[in-house]
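Visitor: Hi! I have a protein chain open on my screen and I'm new to this. Could you walk me through it?

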Amino acid sequence: MITREEIANVLDHPVYDGDGNKIGDAKHVFFDDMTGRPEWVSVKTGMFGSNESFIPIRDAAVVQDHLEVPYRKEQVKDAPNVDVDAGGHLSESEEHRLYDYYGINWDSVLSEAERTDDGRFAAGPGPAGTASAAGAAGAEGTVGTAGTAGTAGGMTGRQEGADRTGMRGDDAMTRSEEQMHVGVERRESGRARLRKYVVTEEVQQTVPVSHEEVRVEREPITDANRGDALAGPEISEAEHEVTLHEERPVVETETVPVERVRMVTEEHVEDEVVRGRVRKERIEAERERFDDESARLDDERRPGRE
């Protein structure tokens, strides 16, 4: 169990389970009204610290700069939600429910100190010795310090009448409600990559080609060509050969750069509807009518009314 002197090293510091997993940050310490010893610590858990879970610290220990508790992170996160009244107290029923959840015998708790039907715990000091529970500073009196046994804002666990139900000295009732805070987290949604590979395509082009063909030309004997015509033998056999040519398509390839390709990321913003449930308090006025004057007078004579 931690001592009052160690509370400054607990509040707003990390809380770890026995396996070294961080559960959250300690926000409030609650004291036993009868013994004045620290009994509970509230820890902000969940995404963005949206939940506040209660952990018994009778078996907790301060290790360096954090608090270690003998309960697993999953168990603490699934602990039942409890309500703290306007005076910063846990009711006996809420406390009993928490003890049952953590497997702590209620009879052993009762044997440590005398318990009453009033709120048992008062919010302990926050950083710099100021009261840290909501509503404690708004109560009448001065803000309690670590030296006061279980007091916060001048209010103890023994409140009577209207104060115990959330009424203040001016007969005003505080109405509270939960607010939903939605944030965003960035995570990996997939991967994209560029991959280059080779494909073969059929390419067709039209290319003009030429070839030579033989055509026989005949010319008559004239004075101009008579000499050439009589230069050979009179009667003989002879051959004359001509080489023919033709063009054929020749294909060759070369590699040339055509474009550069890269990947860039673009951020698109979309609106997504987030739904949740929040609790709100409602305050309604009730009026009791008396049937006759005698009934009203009889009611006024009942004990316990002023």
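Visitor: Great. What kind of model is this?
Guide: This is a predicted model, where local features need pLDDT of at least 70, side-chain atom pairs count only at pLDDT 80 or more, and totals for chains, interfaces and linings use all residues. Residues are numbered from 1 along each chain as its sequence is written, and side-chain values use heavy atoms, with hydrogens and water left out.

Visitor: How many helices and strands does the chain have?
Guide: There are 5 helices and 7 strands. Both are DSSP runs numbered from the N terminus: helices are H or I with at least four residues, strands are E with at least two. Along the sequence the pattern reads β-β-β-β-β-β-α-α-α-β-α-α.

Visitor: What share of the residues is buried?
Guide: Of the chain's 306 residues, 26% count as buried. Buried means under 20% relative accessible area, exposed means over 50%, and partly exposed is in between (1.4 Å probe, protein chains only).

Visitor: And which residues touch the most others in the largest nonpolar core?
Guide: That core has 30 residues, and Val41, Ile55, Leu67 and Tyr102 touch the most other members. A nonpolar core here is a set of buried Ala, Val, Leu, Ile, Met, Phe, Trp, Tyr and Cys residues joined through side-chain atoms within 4.5 Å. At least two core residues come from each of β2 (22–32), β3 (38–45), β4 (51–56), α2 (92–101) and α3 (106–110). The largest share, 5 residues, is from β2.

Visitor: Which residues does Val41 touch?
Guide: Leaving out residues up to four places away in sequence, Val41 touches Val10, Ala26, His28, Val29, Ser53, Phe54, Ile55, Ile57 and Leu67. A contact means heavy atoms within 4.5 Å.

Visitor: Switching topic: how many aromatic pairs are there?
Guide: The count comes to 4 aromatic pairs. Rings of Phe, Tyr and Trp (its six-membered ring) pair if their centres lie within 6.5 Å; planes under 30 degrees apart are stacked, over 60 edge-to-face, and the rest tilted. One of the pairs is Phe30 with Phe54, tilted, with 5.2 Å from centre to centre and 50° between the planes. Phe30 is in strand β2 and Phe54 in strand β4, so this pair ties together parts that are 24 residues apart in sequence.

Visitor: Are those two buried or exposed?
Guide: Phe30 and Phe54 are both buried. Trp40 and Tyr99 make another tilted pair, with ring centres 4.9 Å apart and planes at 50°. Trp40 belongs to strand β3 and Tyr99 to helix α2, so the pair ties together parts that are 59 residues apart in sequence. Trp40 and Tyr99 are buried too.

Visitor: Which residues do ring pairs link into a cluster?
Guide: Tyr71, Tyr101 and Tyr102.

Visitor: What about charges? How many salt bridges are there?
Guide: The structure holds 13 salt bridges. Each is a side-chain nitrogen of Lys or Arg within 4 Å of a carboxyl oxygen of Asp or Glu. In one of them, Asp19 meets Arg72 with the closest N and O atoms 2.6 Å apart. Asp19 is in the loop between β1 and β2, while Arg72 is in the loop between β6 and α1 (73–77), 53 residues apart. Asp19, Arg72 and Glu74 are linked in a salt-bridge network.

Visitor: Where do Arg58 and Glu39 lie, then?
Guide: Those two form a salt bridge at 3.8 Å, N to O. Arg58 lies in the loop between β4 and β5 and Glu39 in strand β3, so the pair ties together parts that are 19 residues apart in sequence. Arg58 and Glu39 are both buried.
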